[in-house]
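Thanks for coming. I will show one structure and then go through some of its side-chain contacts.

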Amino acid sequence: MKEGDSPGAAAPRRLPGWLKVRAPGGPNYLRLQALLRRSALHTVCEEAGCPNIGECFESGTATFLILGDVCTRACRFCGIRKGRPAALDGEEPRRVAETVRLFGLRHAVVTSVTRDDLPDGGASVFAAVIDSIREVSPGTTVEVLVPDFRGDQRALTHVLEAHPDILNHNVETVPRLYREVRPQAHYTRSLELLRRSRESGALTKSGLMVGLGESREELREVFGDLRAAGCDVLTIGQYLRPGAKQLPVVRFYPPAEFDELRREAEEAGFLHVESGPLVRSSYHAASHLSAVPGGCAP
């Protein structure tokens, strides 16, 4: 398979050694997992099968998945359930905040399934979660990884007015692959969300998966587009197929190539770049704030 070929045309079958991780099970991992079960909360770490869950839970970082665990979109890279979501849970912001307090999380990442069925896409719930965490755990920094809200500027403003420490929205892949990888999203809409967030004064972040058939030149073009939109922080990681229903991996990038991508992204002007085979949006998220001018260490 050559760079730039269509996803699904071919797929390597075995995971290379650098993608294998130890099974989670440390004391902090087990404690946080128990808290999540008692509070009836979801994390994208669990729902999406993140390989870093043990490391992140142990270090005191978690990515809460709000607005339920059923998504209204059918992105072909994602392992989260698709379908008709349940009604909103008005107590969810309080339970998220209380779990943050009880576990003593120093940095909380809050994301969601996409809720195109809601008038504001769930923006009001994002804002309520931020406010609730600040009320009970003022020392915790808060990062939100938001959907595109279908381009609704009022919804985005609602989230920004709650003043998250960092506003994250992933472009995920190169524009040529959007139709196959995330058919209900729009590349330019995502760039506009990041641009508006940066203009509001928010520290902004985005993420890319590689291994879906993109070319290096296409990745460099995305770096430029993100910087033109004012994006401050970038994460780059290897796409891993969650299951048989999702797109296959076209190519596994070796660690040295991730180092090259990091250098190219830094040369494009990002304030901080996290690039590696196992990197995900919230991997080492707490350190991203302290790595940029004007950020604050949790």
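I will take ring pairs, then charges over rings, then salt bridges, and end with backbone angles.

This is a predicted model, so local features need pLDDT of at least 70 and side-chain atom pairs pLDDT 80 or more, while totals for chains, interfaces and linings use all residues. Residues are numbered from 1 along each chain as its sequence is written, and side-chain values use heavy atoms, without hydrogens and water.

Rings first. There are 4 aromatic pairs, where rings of Phe, Tyr and Trp (its six-membered ring) pair if their centres lie within 6.5 Å, with planes under 30 degrees apart called stacked, over 60 edge-to-face and the rest tilted. Phe 223 and Phe 270 are edge-to-face, because their planes are at 90°, with centres 6.4 Å apart. Phe 223 is in helix α9 and Phe 270 in the loop between α10 and β10, so this pair ties together parts 47 residues apart in sequence. Helices (H or I, at least four residues) and strands (E, at least two) are DSSP runs, numbered from the N terminus. Phe 223 is buried at 2% relative accessibility, and Phe 270 is buried at 5%; buried means under 20% relative accessible area, exposed over 50%, and partly exposed in between (1.4 Å probe, protein chains only).

The rings of Tyr 253 and Phe 258 have centres 5.8 Å apart and planes at 50°, so that pair is tilted. Both residues are buried.

Two of these rings also have a charge over them (NZ of Lys or CZ of Arg within 6 Å of the ring centre and within 35 degrees of the ring normal). Arg 227 sits over Phe 270, its charged end 5.7 Å from the ring centre. For Arg 251 over Tyr 253 the distance is 3.9 Å.

Next, salt bridges: a side-chain nitrogen of Lys or Arg within 4 Å of a carboxyl oxygen of Asp or Glu. The count is 24. One of them joins Asp 148 to Arg 73, with the closest N and O atoms 2.8 Å apart. Asp 148 is in the loop between β6 and α6 and Arg 73 in the loop between β3 and β4, so the bridge ties together parts 75 residues apart in sequence. Both partners are buried.

Lastly, the backbone. Most residues other than glycine have a negative phi. Phe 149 has a positive phi near 50°, and Leu 67 has one of about 70°.
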